[in-house]
Amino acid sequence: MQGSERNVPDGTGPVAGAAPPRPEGHGSEGHRLVPLATALVEGDGRILHWSEDAEALTGYPAGEAVGKYAARLLVPEESRGRAFELFERIMAGKGWSGVFPIRHRDGRLVELEFHTYPVVGPGGVRLLLATASDLGSLRQVEGDLAVLDGIFTQSPIGMAVYDTELRYVRLNDALARINGLTVAEHLGRRISTILPGINSSEIEAVMRQVLATGQPVVDARSHGRTPGDPRRERAWSASYFRLEDSTGRVLGVSSSIIDVTERFQAEARASRAQERLALLAEATARIGTTLDLQRTAEELVEAVIPRFADFATVDLLEPVLRGEEPSYLQPDRGVMLRAVAVGEAYESGMTIAADAVGATSEYDSKRVYTECLRSGRPLLRPHVDEQVLAALVNEQSRVAPGVRAGVHSYLMVPILARGMVLGGSEFVRMRNPEPFTAADVALAEELVARTAIALDNARLYRRERETALTLQRSLLPQEIHRTIGLEIAYRYLPSSVVSEVGGDWFDVVPLSCGRVALVVGDVMGHGIRAAATMGQLRTVARTLATLDMPPDQVLTRLDETATGIGEGQFATCICAVYDPMDGTCTIASAGHLPPVRVDPDGTSRALVLPPGVPLGVGGVSFESTEFTLREGSLLALYTDGLVERRGEDIDHGIGVLAQTLAGHGRTLEESCDAVLAALVRDGTEDDIAMIMARALPIPADRIATLELDGEGPAPSRARRFTRRTLEEWGLTALSEFAELLVSELVTNALLHADAPRRLRLFRDRTLTVEVADSGTQAPRLRASAEEDEGGRGMHLVSELAHRWGTRQTKDGKVVWAEMELDYRYR
């Protein structure tokens, strides 16, 4: 460190003037942890090279230091002797490391830790390379490292460092003990390799995220079994952060891991309890939304799959499905059950091992299933193997499919209501690894109990509804007779939403001379009273129509009947009478919706009728409207349940009905189906009654007409016409009686009316003879004495005819008589 003055080297040599490379890990000044100064000194003690860190430690810039004698510049006077000794020792090739004080540019002493190395420069010149660090900073770093190392090695928390390939680089003993492997068995390997029993793929995904984003992750959960505790499921909480060097280069990931098994289990128990409560709350809201047995059973199955069970069934006793009161199960008798609902979370093959919906199974009295139903207590088999499954199923052929499906836990809960067994519900787990527990049994019992109440209510409702519907159907037409000249189709749909029967009705009443009356009505309200009122009104309407009353008079009499039934019994009604002989249709309405008419060209529209008031108001009159229903035309009568929907204008429904009926190419049955498809949604809120009638041509061999205003005696002309017509129709056997009837009716018209105008013979279900005249007084039976020469004609008609009658027309009346036909001639 001393010598004579020499010129400063020019820096062109291989050593002099070349700054030694900085140790790895040091970058710019802002990233240094401990400055490492470097200097190159000639043999005479002059400084050849002075680094930036040397400037930082001493305060001397390179311009002031290079070329100066190191001892004079840096060493205090009292320490120079020792410095020269050390310099000579180093230059002798012995080297030296240690602490030596130097003088800072500001005059203070700074203790530096030196490492010196003798080197040989160009031409064999001996030089000294010295590195130095601040002793205080070094001690601080060493202390920090010692603390960190102590934390890493002595901490009870598992700690690890991974490289960018997620391989272990370092870990402490605590983590090795947690994993049950030695430290050496970890190094260079990934978590997925050494710990296959935990969710390693999820862990490594988190670590990759930390590597990619640099964002730490705290409390990342992992769980599974390790070689250190292979029989127990454990859980851990880990925190991850990215490791970088001072240049920002990513080195890997560090983690800290603690065992949270007890907390995990407590949280899991709390979570399961919360899930059970949530499931119970949701199931309570969705089970029993309808009064339908099957739908209620399906709601239970839908509520438990897949959150509670992978497979579930509901089976009910046969009497329950019939709406009957279930009986107590006898100890020596088996049970017959029908599968009402079956559901699974995924395609498992379990359906082969269980009854399909609608199938029945019989369990003998000794089966464990039967004993469970009889006792009313749940049947729990938390762990199911082939032997256990064989004892559960009623057919041994179902054991193998159940085993293949992976059945490992089974629970059956009897369905009880008012102390009576309605059936049983089964719950099976396959993919869900957890066995059924006592808590699961309690939840299943609660769910099944609530379902049982809904099922019992549905059973009672079904029984009462079937009774009411039977009554209602008995009041509706049991048979619609085919009518010549008119094709008829009809539909009746009881409400599927309202729990009571309604008062909608329809009727097709055959009248004399091939005419037919179509009646549709709707009693306001629901229930037995509405159905009873409907039955009364229908009976009265049918009776009045058969008396050949025009529609307006029928409604007037019906209004009187409805008024007499009781206060508050109102009904709407529409009555139409169609005469196929001339195609006229006479119609009247009592507050009912307008009929829809479709012309032969496909044009459809709602008819505008005098509205009238509902039946039951009393003291009102009704008005009939007459129009011609041409051949091929269609007339639709209906109740408001078909076209009325909550929140929609009723005219919209009528418009949809008319639009649906428009066009050609459909039969009446197809038209009925099309209307229902267009207007009826799931869950009709009201009954629906509908009649459709299409005018047809009358075959020539069914009707024959003779005008009686020509020349010659009318009775004889009428008899000859009748004989000839019946011969053509193959009804010669009736000619004698028919001629007598015709003769009496024509003669009666000659005597008591202005004159007979027309004779018509009509063959349908009966042979009808009708005589039209211009008189208004109806013929009647009257008593005749033995000496009277006349007055017996209508008595003779009454004896010969099956029935007879009269009806008023616009220009007179028609007197008719019917004779029964053998079915071969109809």
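**Close-up views of a predicted model**

View 1. D456 counts as buried, because its relative accessibility is 5% and buried means under 20% relative accessible area, with exposed over 50% and partly exposed in between (1.4 Å probe, protein chains only). The model is predicted: local features need pLDDT of at least 70, side-chain atom pairs count only at pLDDT 80 or more, and totals for chains, interfaces and linings use all residues. Residues are numbered from 1 along each chain as its sequence is written, and side-chain values use heavy atoms, with hydrogens and water left out. D456 lies in helix α16, residues 438-475; helices (H or I, at least four residues) and strands (E, at least two) are DSSP runs numbered from the N terminus. Leaving aside residues up to four places away in sequence, D456 touches A417, R418 and L422, where contact means heavy atoms within 4.5 Å.

**View 2. The open sheet β18-β19-β20-β21-β24.** Five strands make up this sheet in the order given, with antiparallel pairing; two strands pair if DSSP finds at least two bridges between them. The edges are β18 (502-510) and β24 (624-628), each with a single partner strand, so one side of each is left without a neighbour in the sheet. From one strand to the next the twist averages 15 degrees. Strand β19 (residues 516-526) and strand β20 (residues 571-579) run antiparallel and are joined by eight bridges. Within this pair, G521 stands opposite C573 in β20. Helix α17 (residues 528-546) packs on the sheet and touches β18, β19 and β20, with its direction at about 15 degrees to that of β18. Helix α18 (residues 551-565) also packs on the sheet, where it touches β20, β21 (584-590) and β24; its direction makes about 25 degrees with that of β21. For these angles, axes are lines fitted to C-alpha atoms, for helices over the stretch in contact, and angles run from 0 to 180 degrees between N-to-C directions.

**View 3. The open sheet β17-β26-β25-β22-β23.** This sheet has five strands in the order given, and the pairing is antiparallel. At its edges stand β17 (486-493) and β23 (604-606), each with a single partner strand, so one side of each has no neighbour in the sheet. Strand β22 (residues 596-598) runs antiparallel to β23 and is joined to it by three bridges. V596 stands opposite A606 in β23. Helix α20 (residues 668-679) lies across β17, β25 (634-638) and β26 (688-695), and runs at about 30 degrees to β17.

**View 4. The packing of helices α19 and α20.** Helix α19 (residues 650-661) packs with α20 at an angle of about 145 degrees, and their axes are 10 Å apart. On α19 the contact is made by G653, V656, L657, T660 and L661, and on α20 by S671, A674, V675, A678 and L679. These residues divide into seven nonpolar, three polar and no charged; Ala, Val, Leu, Ile, Met, Phe, Trp, Tyr, Cys and Pro count as nonpolar, Asp, Glu, Lys and Arg as charged, and the others, Gly among them, as polar.

**View 5. The pair of helices α21 and α22.** The axes of helix α21 (residues 714-729) and helix α22 (residues 735-752) come within 9 Å and cross at roughly 150 degrees. That makes α21 roughly antiparallel to α22, since angles over 145 degrees count as roughly antiparallel, under 35 as roughly parallel, 65 to 115 as roughly perpendicular and the rest as oblique. The residues of this contact divide into eight nonpolar, four polar and three charged.
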